[in-house]
Structures are given as structure tokens and as C-alpha cells.
Amino acid sequence: MEPSDQAPEQVALPSASIIIPTFNRRERLRRLLTGLAAEYRAGARFDAVVVDDGSVDGTDAMLAKLVTPFPVKVLHQENAGPAAARNRAIAAATGEVMIFLDDDVVPGAHLIERHLHAHMLHPRGVVFGPMLPPPGRALPPWLAWEAATLQKQYLAMQQGRYAPTPRQFFTANASVRKRDIDAARGFDEQLRRAEDVELGYRLHSIGLTFHFIANAYVVHTLSLIHI
């Protein structure tokens, strides 16, 4: 898959908050926020809510010193898992659309605008894009298999051979309107894994549709994606 870097047409877009839970990934988080700063300088408009889920690696000190061109709200909590961290971030967010990114991804060009354009086309939609493996990096066999399996799914959806479903709702790169997350009662905080897919099925149950945007991509630096 070769994502296009062409910018989407400029129109009035809904407001957005980037939701980022983080735990002991200080430098990867810094890289993500630096990538988002480039997006903001290129014209995307958004704020971000980062929830530090009990990190002990200096994440709090890094965030306190980091300067970004976009507003960032930083919250801290004792370690309770990504579902609890995302719920807390959503409660504090002010955007119409919640764009979920993991702390170990790097945003592709025009990522934010492409999510928001999709929400203009699909007002009751769940939007997600590809998670691409790091270029030029040899992965361990099991991670290489996971990445290859995901790429096959992405190609099938792009070609219309496979309809997007809640099973592909991975919060490393996905977005939903805040009102719809509230209607579905947010993430299940008892879950420490697959909490995003579980929420996806509840979003589907209340009538939301699922949409794959092939050029709204992130590079997943760890490629720890569980098929």
C-alpha cells in the first residue's frame, strides 16, 4: 500500500481532540507529539489530551518541558490501563471528534484532516486507517506475519472485497464523534486488551457505520498488533 501525501480539499471541518494514553514510552510519545506538531504547522487544527497512566520513566517531566504549537492537556493517574486512560481523556476533551492514537505511532501526512473529512461524509461513522510497519526494518517472524496479515486486510477493504467491521477498530489510528462514544458508554475499563474492538462492536450495535480510509495512515513503530 502506498498512501498518497496529497492534501485533502480545504473545507470547514469538525473540531478534533487527539486522545493519547501513555505508559512508560517517553521517547516514543515525544516522537508522536513532534509529528503532530508538523501536522498542526501544515494547517490541521486540533488539541490533544494525554493521560499518563502511571509512568515511571520520566514521561511527566518530558511533558512538562515540551512545547507544542497546539494545545495539550496532560492528566496523570495511577496505572489503570488504556481503557481507563482513554475514558478520562474523553471526559476532558472538547472536540467534536475524538481521534485515537497510540503512543508508539508516527502520524502520516494529513492524517488529522483525512479523519475529519471522513466524518463530514459519514456523520454517524467510525473511521480508521492503516497501521503500517516501520520501513526498512526487519521484524521478528511473528510481528512480520501480523503486519502482512493486516496489509492483506487493508488491501481487501481498499478494493471493496472486504467490508470494514468493528474487528478492525484499533485505537492506534481511529476516530469517533464524542457524542457516539458517550452513547456507547465509553471503553470497558475492566478490559486490558481488545478494549477497542469490544467498544467497536457496541458502536456498531447503536447503528454506527465503519469506514476505512486508506491514506489516513500511521507508522506503528512497535508493530505489536494482535490480529
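This is a predicted model: local features need pLDDT of at least 70, side-chain atom pairs count only at pLDDT 80 or more; totals for chains, interfaces and linings use all residues.

User: Is Phe187 buried or exposed?
Analyst: Phe187 sits in the loop between helix H6 (178-183) and helix H7 (195-205). Among the residues that Phe187 touches are Ala83, Ile90, Phe100 and Leu199. Its relative accessible area is 3%, and the cut-off for a buried residue is under 20%. Phe187 is therefore buried.

User: Which residues does Asn87 touch, leaving out those up to four places away in sequence?
Analyst: Asn87 belongs to helix H3 (residues 82-92). Its relative accessibility is 17%, so Asn87 counts as buried. With sequence neighbours up to four places away not counted, Asn87 touches Gly186, Phe187 and Glu189.

User: Is Arg185 buried or exposed?
Analyst: Arg185 lies in the loop between H6 and H7. Its phi is positive, near 75 degrees, although Arg185 is a residue other than glycine. The relative accessibility is 66%, and the cut-off for exposed is over 50%. Arg185 therefore counts as exposed.

User: What is the phi of Asn24, roughly?
Analyst: Asn24 is placed in the loop between strand E1 (16-22) and helix H1 (26-41). With 30% relative accessibility, Asn24 counts as partly exposed. Asn24 is not a glycine, yet its phi is positive, at about 55 degrees.

User: How many residues apart in sequence are the parts that Arg25 and Asp104 tie together?
Analyst: Arg25 and Asp104 form a salt bridge, with the closest N and O atoms 3.2 Å apart. Arg25 lies in the loop between E1 and H1, and Asp104 in the loop between strand E4 (97-101) and E5, so the pair ties together parts whose separation in sequence is 79 residues.

User: Which residues are linked in a network of salt bridges with Arg25?
Analyst: Arg25 has a relative accessible area of 25%, so Arg25 is partly exposed. Asp104 has a relative accessible area of 3% and is therefore buried. The network links Arg25 with Asp103 and Asp104.

User: About how many helical turns separate Glu27 and Arg30?
Analyst: The side chains of Glu27 and Arg30 meet in a salt bridge of 2.9 Å, N to O. Both residues are in helix H1, three residues apart, so their separation is about one helical turn.

User: Where in the structure does Glu96, the salt-bridge partner of Arg177, lie?
Analyst: The closest N and O atoms of Arg177 and Glu96 are 4.0 Å apart. Arg177 lies in strand E8 (residues 173-177), so the pair ties together parts 81 residues apart in sequence, with Glu96 in the loop between H3 and E4.

How values were computed. Residues are numbered from 1 along each chain as its sequence is written. Side-chain values use heavy atoms; hydrogens and water are left out. Helices (H or I, at least four residues) and strands (E, at least two) are DSSP runs, numbered from the N terminus. Buried means under 20% relative accessible area, exposed over 50%, partly exposed in between (1.4 Å probe, protein chains only). Contact means heavy atoms within 4.5 Å.
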